Amino acid sequence: MSGGRHYLPLTEAERREMLAAIGAASAEQLFDELPEEVRLKKGDLNLPPSLSEMEATAHLGALAAKNINMRDYPCFLGAGVYDHFIPAVVQHVTGRSEFYTAYTPYQAEISQGLLQSIFEYQTLICRLTGMEAANASLYDGATALAEAAVAACAVTRRGKVLVSRSVNPHYRRVLQSYLEVRDLQLLEIPLIEGATDFSRLEEMLDGDTAALLLQQPNFFGLLEEMEGAAGIAHRHGALLVLSVDPISLALFRAPAEYDADIVTGEGQGLGNPPSFGGPLLGFFAARQKLLRRIPGRIVGETVDRDGRRGFVLTLQTREQHIRRERAISNICSNQALNALAAAAYLAAMGPAGLRELAELCLQKAAYAREKITALEGFAQAFPGMHFKEFAVKLPGNGGRLNRHLLEHKIIGGLDIEPYYPELGPAMLFCVTETKTREQIDALVGALEGWS
Amino acid sequence: MRKEQALLFELGAPGRRGCSLPQPDIPVKPLDELLPAKLRRGIPLALPELSEGELVRHYTALSTRNHGVDSGFYPLGSCTMKYNPKVNEEAARLPGFAFLHPCQPAESVQGAMELLYRTEACLAEITGMKRVTFQPAAGAHGELTGMMLIHAYHKSRNDQRKRVLIPDSAHGTNPASAAMAGYEIKEIPSDGRGLVDLKALKELLDDDVAALMLTNPNTLGLFEEDILEIAAAVHEVGGLLYYDGANLNAIMGHARPGDMGFDVVHLNLHKTFATPHGGGGPGSGPVGVKEHLVPFLPVPLVERGEKGYYWKDDLPLSIGRVHGFNGNFGVVVKAYTYIMMMGAEGLRQAAADAVLNANYLMERLKKSYALPYDRRCKHEFVLSARKQKKKGVSAGDIAKALLDYGFHPPTVYFPLIVEEALMVEPTETESKETLDRFAEVMEEIARLAEEDPERVTSAPHTTPVGRLDEVRAARNPRIIWDGDEGSE
C-alpha cells in the first residue's frame, strides 16, 4: 500500500458500503464509461515505488543536500531574483494555514482575511510606486511586464512595443513570446554605455507605438535617466511602462515622479525566498485612468448589510470567468501567498527599515564595486549611478570564473557575455544587505590574480 | 459580535518598527556621492509602522477571518481542494531548495535539476506525454503556453490556422487563453448527455481549426466517452487536441490523456498533486507535449548527460520563455514529494476515492436538488437549485447559507449551461462522516427553502461580515486605502 494512505480516510468497509449505496458492484465499475482501449490496469503506471513519510523526508533531504545554497556559500547573483534577508515573522504569517490552504477568495464572507491582506498589499504597492491602482499580483516580474505591454497595446489600439536592451534579457524573451503570438511587434532600443540610448527614441517612436518599456535600475544595476522619457512617449501617444526594483524605491525617485503610466516589477525580494526562481511575485500598478485595463484579480472595499467595512473581488467584468474570450487577460489566479509575504515584509520594515535596507545595499554594492574594479584586469563596465548590482569586464570567461569561485566556496555573479556578446567576458554582481564585509573581501580575494 | 478588523495603516505609531537590521560593517560614503539628491525619492514613503508583536496580532486576526482546507470542508467544484500534506511544505522549505538562485551554475544545483528531471518523468508517465515544461506558473498560464505551442507548431508547417474550438461547458480561462494567443473562438454545444455534441463538432471542423480544447472529465464531472472519435476527427483535419488538466484527479492512474489522443496537456499541481492553493496562488501549471511538439517547448529544458544534469537551451523552434526563470519550482518540490509518497497505486486509489465520494454525495443530494445530468459522475457533479429558485432561493443563497454551517460552498453559477448551478467536488481526502454531515446540511437548507426561505436568503448570520455589497464595490471602486473612513 502507498506511503500516502494516511491522506485517504475511507476504510475498506466504508468503500464497500458507499459502493452499495450508489449501486456499483466495484470501484472499477465507476470507470466503466472510459473506452476499454485507454483504461489502465493496476500496475500499468510505471512510477517509482512509494515512500513512507520518513523515507520521503530522507529522499528530499538528500536531493536538497546535493545543492549548494546561499546559506552555505555567499551568493553574488541578482538579475531579478535576490538574496534579501527575510525576517522570521514573515514566514510565520504565511505559515498560517487558514491563508495558504485557501483558494481565491470567491466567498467573501469567509475570506475577509485574505481579501483584506490583498487590499493592504495593493495599497502598499501604490504607496511604494506612487501609482493610484494596483492588482492582487501576477506570476512574476517578467510576465507582469508582458501583461503591461499587452495592456498598452489594447489601450492605445496600437501594435508596436519598444523595449530597451537594458531590460532583463529573460524578461525580453518572455515579452517576445507574449507579443509574437498575437502579431504584435517588439523593437529593441540600443544601448549606449549600458543604458538606454534615448537619442534614438524620437526616430523609433511612431504613431503605431503603444508603449516604451524601461527598467529602473536597469539590468546592469544602472540608474536610467528617466527625466523626459515619459514626455517623449506621451507626445507620441504611447505609454511609459516600467519594471522596477521595489526595494530601490525607498531611496530612488518613485515612478510617479517621472510620470510613468504602468509600473511593474519583481517582488520576490520582499520577504520571499529565491526558491530556484519561483514562486516569485509580479506586481502591477497603474494610473487611475487605466484601472479597468489592469489584468488579474483586484480587491475593493465595500460594506455589508449592516454597513460594516468589508472587502470583495471587484471589477470582475474584466475577467475570464465573466467575459471568456473577450476578457482583457486570461489571468485567473495571482501569487496571493507571495503578496501576503510582501505585505508583511513591508509592514515589518516600515519606512525607516526599508530605507536603511536600501542604503545598506547601495553602500555595500559600492564598496564591492570599488574593491573589485581596483583589481588588475577587472574594470567597471559602465559609468553611472548604481544600486545593488554592477557589471564588470573580466580578464577571462565568466563561466570559468564561476567555477573558480565555487572552489573558493563562493557563488559568483551572472556571466552576461551570452546575453550581450558585444561586451566580451563580463559579469553582473549583486551585493545586498545579506553580504558581510568578510564575504565581500573573500570574493575580492578570490578574484585577485585570476585571469 | 461582528467587528471590523483595523487595516495595517490604522495600526501602530510613528517611530515603531517590526524588524532590525545590522549596522554597516563597511566604510560608509556620503549618500550624495552615491546618489545625488535630485535622483532621490521626493514623495513620502508612507509605510505602516508597527512593532513585531502588533504585526503578528494583525495577521493572526486576519487568518481567523479566513477559511482554508485546514479549517473545514471545501467542496469547490473544479478546484480540487484536497488536503495539502504537511511534509510537502517542509520539503519545499529546505534551504537546499528554498535558497537556490535560478542562475547558479548547473554543477551547484544538481539536486534541484534532478528533482525537475524526475518530476518531469513522473508527470510524463501519468499523462502519456513525451516532455514537460515547468515554466507555467498556473493553469491559465499553462493554457496560454499550450496555445503558443500549438501556434508555433502550425506556423512551422506553414499552416496558419485561425480558430480554436471550445465546448460551452469549458472553464472561462480556455477561451480567454486561446484569445490571448490570437485565436478566434468557436463554441461547441453540449448535447443532452452533457457531453460534446459530436455532430455539431464535426460540422465545425475544417482546416482552419488549430485545436480543440477539452476538459475530460468535463466541468459537469462527466467523462467524454466519445473521446477517441473526437480525437480522430480533430486530427483528421490537421488540428491538435489540448487537454485542460483541471480535472485529472478523476482519472489519474485509470487513463492517460496521451492515450486518448491529446497532443498537449496542462496540469494543475495545486489541484491534482495536493499542493496548497495559497489563497489564490502560487500554483503551478506544467505543460506536457507529445513528441511532435517537443521542438517548440519553452527553453531551457533539463537534460541528463554523462557529467550530470544540464540546461538545454538550443531549441531553434522554441516559443522562447513564458516565465522569467524556472516556473514555480517550490510548488514542484511539493508535488514531487506527494507523487513519491502516493506511488502509482496510491494515485489510482486517490482517483477512485474521489469518484466514489462524488457519486455517493450525488446519489443522496439528487433527492433534494435537481440533477440535470443524471448519470455516473467522475470527481464532481453539478446540481441545479432551480426547484429552490421557485421559492426565491438561488444557488448563491444556498452558498451563503452553507457558510453558517462551517462549510465552504460549492462553485456556483458554473458551468454556464446549468441554470442555478452548484458544482460539488468533495475530493478523496474527505471522510464519509464529513460527506454525510454536508448532505444533512444541504437537505436542511433545501427544507428551509421550502418552509422559511427568508432564513436562507438572509444568510450568512455567523460570519465575520454579512453579505457584502459587490455592486457598490464595482460602481465606486476603492481599491487602495486613502485614509478616510469610507463612509459617505
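Me: What makes the largest cavity a cavity, and what is its volume?
Reply: The volume of the largest cavity is about 190 Å³. A cavity is a set of points on a 1 Å grid, laid over the protein atoms alone, where a 1.4 Å probe fits but cannot get out. The volume is the space filled by probe spheres set on those points, which are joined across faces, edges and corners. This is a predicted model, in which local features need pLDDT of at least 70 and side-chain atom pairs count only at pLDDT 80 or more, while totals for chains, interfaces and linings use all residues; side-chain values use heavy atoms, with hydrogens and water left out. Residues are numbered from 1 along each chain as its sequence is written, and chains are lettered from A and ligands numbered from 1 in the order in which they are written.

Me: How many cavities does a search of the whole structure find?
Reply: The search finds nine of 30 Å³ or more.

Me: Which residues count as the lining of the largest cavity?
Reply: A lining residue has an atom within 4 Å of a point. The largest cavity is lined by 20 residues, and A:Y82, A:Q215, A:P217, A:V244 and A:D245 lie nearest its centre. In chain A, β6 (209-216), β7 (239-244) and β8 (262-266) each give at least two residues to this lining. Strands are DSSP runs of E, at least two residues, and helices are runs of H or I, at least four, numbered from the N terminus.

Me: What makes a residue of this lining nonpolar, polar or charged?
Reply: Ala, Val, Leu, Ile, Met, Phe, Trp, Tyr, Cys and Pro count as nonpolar, Asp, Glu, Lys and Arg as charged, and the others, Gly among them, as polar. The lining of the largest cavity then divides into eight nonpolar, eight polar and four charged residues.

Me: What lines the second largest cavity?
Reply: Its lining includes B:L116, B:E120, B:V132, B:F134, B:W311 and B:F325. In chain B, α5 (110-127), β1 (131-133) and β8 (301-305) give two or more residues to that lining. By class, the lining has eight nonpolar, three polar and one charged residues. The space in this second largest cavity is about 120 Å³.

Me: What makes β1 and β3 of chain B edge strands?
Reply: They belong to an open sheet of seven strands with mixed pairing, in the order β1-β7-β6-β5-β4-β2-β3 (chain B). Each of β1 and β3 (184-188) of chain B pairs on one side only. The twist from one strand to the next averages 25 degrees.

Me: Why are β2 and β4 of chain B called a pair?
Reply: Two strands pair if DSSP finds at least two bridges between them. Strands β2 (163-167) and β4 (209-215) of chain B run parallel and are joined by three bridges, so they meet that condition. B:V164, for one, has B:A211 in β4(B) as its bridge partner. Helix α7 (173-180) of chain B packs on this sheet, touching β2, β3, β4 and β5 (240-245) of chain B, and its direction makes about 175 degrees with that of β2(B). The angle runs from 0 to 180 degrees between N-to-C directions, with axes fitted to C-alpha atoms, for helices over the stretch in contact.

Me: Why is one side of β10 and of β11 of chain B left without a neighbour in the sheet?
Reply: Their sheet is open, has three strands in the order β10-β12-β11 (chain B), and is paired antiparallel. β10 (381-384) and β11 (411-412) of chain B stand at its edges with a single partner strand each, so one side of each has no neighbour in the sheet. β10(B) pairs with β12 (421-424) of chain B over four bridges.

Me: Which peptide bond of chain A is cis?
Reply: The bond joining A:G278 and A:P279 is cis, with omega about 5 degrees. A:P279 sits in the loop between β8 and β9 (282-286) of chain A.

Note on methods: 1 Å grid on protein atoms, 1.4 Å probe; cavity = no way out; pocket = protein on both sides within 12 Å on 5 of 7 lines; lining within 4 Å. Contact = heavy atoms within 4.5 Å.
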